[in-house]
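Hello,

Here is the structure we talked about handing over. Please open it and keep it beside this note while you read.

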Amino acid sequence: MATETENQPWSIQRLLTWTTDYFQRNGQDTPRLAAEVLLAEALSVPRIQLYARFNDVPSEPHLGKFRDWVKRHAAGEPVAYLVGYREFYSLRFEVSPAVLIPRPETEQLVVEAIDLLQRHPSSEKKVVDVGTGSGCIAVTLAKQIPDVQVIAVDVSPEALAIAQRNAETHQVSERVAFIESDLLSEIPETQKFPLIVSNPPYVGRSEQGTLGESVKKYEPELALYGGDAGYELTEKLVHQAAARLLPGGWLVLETSPMLAGKIKDLILAHGAFRSCDVKKDLAKLERVLIAQLAD
C-alpha cells in the first residue's frame with residue numbers, strides 16, 4: 001500500500017478505493033467486498049458503519065493490521081481465513097484452514113433439506129450431516145427447524161472442534177451431536193434416519209490443475225478431493241446411506257454440475273432408491289441430488 005501523500009490522509013474512503021483498485025489489478029474476486037470486509041474487521045466495526053465514517057482516519061495499529069491482510073489476500077489467502085469467519089444462510093460461521101470455506105451454492109442444499117423436513121414430517125426427528133466441516137449445514141438446519149436433532153460427522157477432529165464452537169455460538173449445541181467418523185462408518189446400521197445430507201468432497205484429483213491457486217494452496221485437501229474422478233467418496237456414501245435410511249427416507253447431496261448425471265446414475269443403479277431428482281442452484285447449474293429410498 002502506498003504511503004501517505006501530502007494533504008491526503010488514509011481516510012476510510014481512500015483506503016477502500018485504493019484497495020478495491022489494487023485487488024482488481026491483482027485479479028481478486030469481489031474486490032470491493034473483500035476490501036470492505038477486511039477493513040471493517042481490522043477496525044472491529046460492522047461493515048455498514050464504514051459508509052458513515054468515510055472521512056475517519058484509522059489509527060496506525062488498525063492500519064497495520066489492514067495492510068498486512070491486504071498484502072496476504074493479494075497473494076491469494078482467502079478473506080474468510082484472514083478474518084476467521086464466513087457468512088452462510090445469514091449466519092456467521094467460524095472458519096480456519098482446517099475446514100472448507102462455506103459456499104453460497106451449498107445454501108441450495110439447505111433449502112432442499114428444510115423443504116423435505118417440512119413437507120414430509122417424520123416421527124424420527126434426526127438428521128445426519130456427513131462431512132460437516134464448519135458445521136454450516138448442521139447448525140443451519142438446527143437453527144431453522146427447532147425440533148430437529150442433528151448428528152454431524154467428520155473425519156477431521158479439527159473440523160469437529162470448529163463445528164462445535166459454531167453450534168455453541170448459534171445456541172443449538174444441545175441439538176447437534178458431533179461424531180468423528182469416516183463418512184458413516186461410525187454410525188451403526190441399526191440406526192435409521194429420515195434424512196441424510198452431505199456436501200462431500202467432489203473434486204477429482206485429475207481436476208486439480210483447474211482449481212484456483214488460493215483454493216489449492218489454502219483449503220484442506222481432505223475436504224476437496226473425492227477421488228481420482230471426484231465421485232468415489234460420494235459413491236461410497238450412497239451405499240452407506242442406503243443402509244441407514246428409514247423406508248422412504250431421503251438422501252440429499254451436493255455435487256459438481258459435471259458429476260450430477262453420473263451420480264444420479266449411480267444412485268438409481270444401486271437398487272435401494274426409488275427416485276433421484278437433480279436440482280439447480282441459483283446459477284442454473286445442476287448442484288443438488290435428492291434421492292428417496294424405496295419403502
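Is Arg 274 buried, partly exposed or exposed? Arg 274 is partly exposed, and its relative accessible area is 45%. Bear in mind that this is a predicted model.

Arg 274 has a charged partner. Its side chain forms a salt bridge with that of Asp 295, at 2.7 Å from N to O. Arg 274 sits in strand β10 (residues 273–280), while Asp 295 lies in the segment after β11 (286–293), so the bridge ties together parts that are 21 residues apart in sequence. Asp 295 is exposed, at 69% relative accessible area.

Elsewhere, salt bridges that share partners link Arg 32, Glu 36 and Arg 47 in one network. The structure has 16 salt bridges in total.

Two more pairs are worth a look.

First, Lys 216 and Glu 213. Their closest N and O atoms are 3.1 Å apart, in a salt bridge. Both residues belong to helix α8 (residues 213–218). They are 3 residues apart there, which means a separation of about one helical turn. Lys 216 is partly exposed, with 27% relative accessible area. Glu 213 counts as exposed, at 57%.

Next, Glu 77 and Arg 72. A salt bridge joins their side chains, at 3.0 Å from N to O. Glu 77 is buried: its relative accessible area is 13%, and the cut-off for buried is under 20%. Arg 72 is partly exposed, with a relative accessibility of 32%.

Best wishes

Key. Residues numbered from 1 in each chain as written. Predicted model: local features only at pLDDT ≥ 70, side-chain atom pairs only at ≥ 80, totals over all residues. Heavy atoms only, no water. Salt bridge = Lys/Arg side-chain N within 4 Å of Asp/Glu carboxyl O. Buried < 20%, exposed > 50% of the residue type's maximum accessible area, 1.4 Å probe, protein only. Helix = DSSP H or I, 4+ residues; strand = E, 2+ residues; numbered from the N terminus.
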